Amino acid sequence: DFAGTILLVSHDRKFLNNVVTSTLSFDGDGLVRENVGDYDDWKNGQGMQVAQGMQVARVAQVVHGKPRAPEPRAPAAAVAAKKRRSYNEQREYAALPAKIEVLETEGKMLHERISSPEFYKAGSENIRTALERAETLKTELETLYARWAELDEKT
């Protein structure tokens, strides 16, 4: 019933065949390939390689005995500049918690009102307006949380 992923290493092939849904194989030159299926599927070449073809990851820096050339990187200043908040973003980031708190408080009060038995004795127009506002609050909060997370990633 576990919904996550488990990385399992075992020499018991029967156990692997009964448990796994995909295998990782080391295919030389520092390459790792992920194959759908159990051990026998991989051994017989029947395992489908993931992502239409193969998903390859380098696990070694040396290919054919020669060190790989380092990949070019952006200058550190350019990377830092991209990750910084602008002045306006910093102001927005500072104001977001208060905005979120106001909307959460309004949402709590509205939820308590909707939860009470007297709420449904009110007219249909009042009920519809309150339920629409609850949905709008939910959407606005999701937007604010997403923006806060986006700005939080920047330093």
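The model is predicted: local features need pLDDT of at least 70, side-chain atom pairs count only at pLDDT 80 or more, and totals for chains, interfaces and linings use all residues. Residues are numbered from 1 along each chain as its sequence is written, and side-chain values use heavy atoms, with hydrogens and water left out. The chain holds five helices and six strands. Helices (H or I, at least four residues) and strands (E, at least two) are DSSP runs, numbered from the N terminus.

**Overall fold**

- Along the sequence, the elements run α-β-β-α-β-β-β-β-α-α-α.
- Of the 155 residues in the chain, 18% are buried.
- Buried means under 20% relative accessible area, exposed means over 50%, and partly exposed is in between (1.4 Å probe, protein chains only).
- Take the contacts between residues at least 6 apart in sequence: 41% of them join residues at least 24 apart. Contact means heavy atoms within 4.5 Å.

**Largest pocket**

- The volume of the largest pocket is about 750 Å³.
- A pocket is found on a 1 Å grid over the protein atoms alone, as an open set of points where a 1.4 Å probe fits, with protein on both sides within 12 Å along at least five of seven lines. Its lining residues have an atom within 4 Å of a point.
- Grid points are joined across faces, edges and corners, and the volume is the space filled by probe spheres set on the points.
- The lining of the largest pocket counts 21 residues. Leu8, Val20, Ser22, Thr23 and Leu24 lie nearest the pocket centre.
- Helix α1, strand β1 (22–26) and helix α2 (39–43) each supply at least two lining residues.
- Strand β1 gives the most, with five residues.

- Thr23 sits in strand β1. Thr23 counts as buried because its relative accessible area is 14%.
- Leaving out residues up to four places away in sequence, Thr23 touches Arg33, Glu34, Asn35, Gly37, Asp38, Tyr39 and Trp42.
- Asn18 belongs to helix α1 (residues 13–19). Its relative accessibility is 61%, so Asn18 counts as exposed.
- Asn18 and Asp38 are 20 residues apart along the chain, with their C-alpha atoms separated by 7.8 Å.

**Salt bridges**

- A salt bridge is a side-chain nitrogen of Lys or Arg within 4 Å of a carboxyl oxygen of Asp or Glu. By this rule there are eight salt bridges.
- Arg147 and Glu89 form one of them, at 4.0 Å from N to O. This pair links distant parts of the chain: Arg147 is in helix α5 (residues 124–153), Glu89 is in helix α4, and they are 58 residues apart.
- Glu89 is buried because its relative accessible area is 16%. Arg147 has 21% relative accessibility, so Arg147 counts as partly exposed.
- Arg147 also pairs with Glu150, with the closest N and O atoms 2.8 Å apart. Both lie in helix α5, three residues apart, about one turn of the helix.
- Glu150 is partly exposed, at 42% relative accessibility.
- Glu89, Glu92, Arg147, Glu150 and Lys154 are linked in a salt-bridge network.
- Glu125 bridges to Arg128, with the closest N and O atoms 2.5 Å apart. These two also lie in helix α5, three residues apart, about one turn of the helix.
- Glu125 is partly exposed at 46% relative accessible area, and Arg128 is partly exposed at 40%.

**Arg85, a buried charge**

- Arg85 lies in the loop between α3 (76–83) and α4 (87–115).
- Arg85 is buried yet has no salt bridge. The nearest side chain of opposite charge is Asp152, 4.4 Å away. Lys and Arg count as positive and Asp and Glu as negative; His and the chain ends are not counted.
- The Arg85 side chain reaches the backbone oxygen of Leu151 at 2.8 Å. A polar atom of the Arg85 side chain also lies 3.0 Å from the backbone oxygen of Lys154.
- Leaving aside neighbours within four places in sequence, Arg85 is in contact with Gln90, Tyr93, Leu151, Asp152, Lys154 and Thr155.

Key
A polar contact is a pair of N or O atoms within 3.5 Å; within protein, one must be able to donate a hydrogen and the other to accept it, and residues adjacent in sequence count only if both atoms are side-chain atoms.
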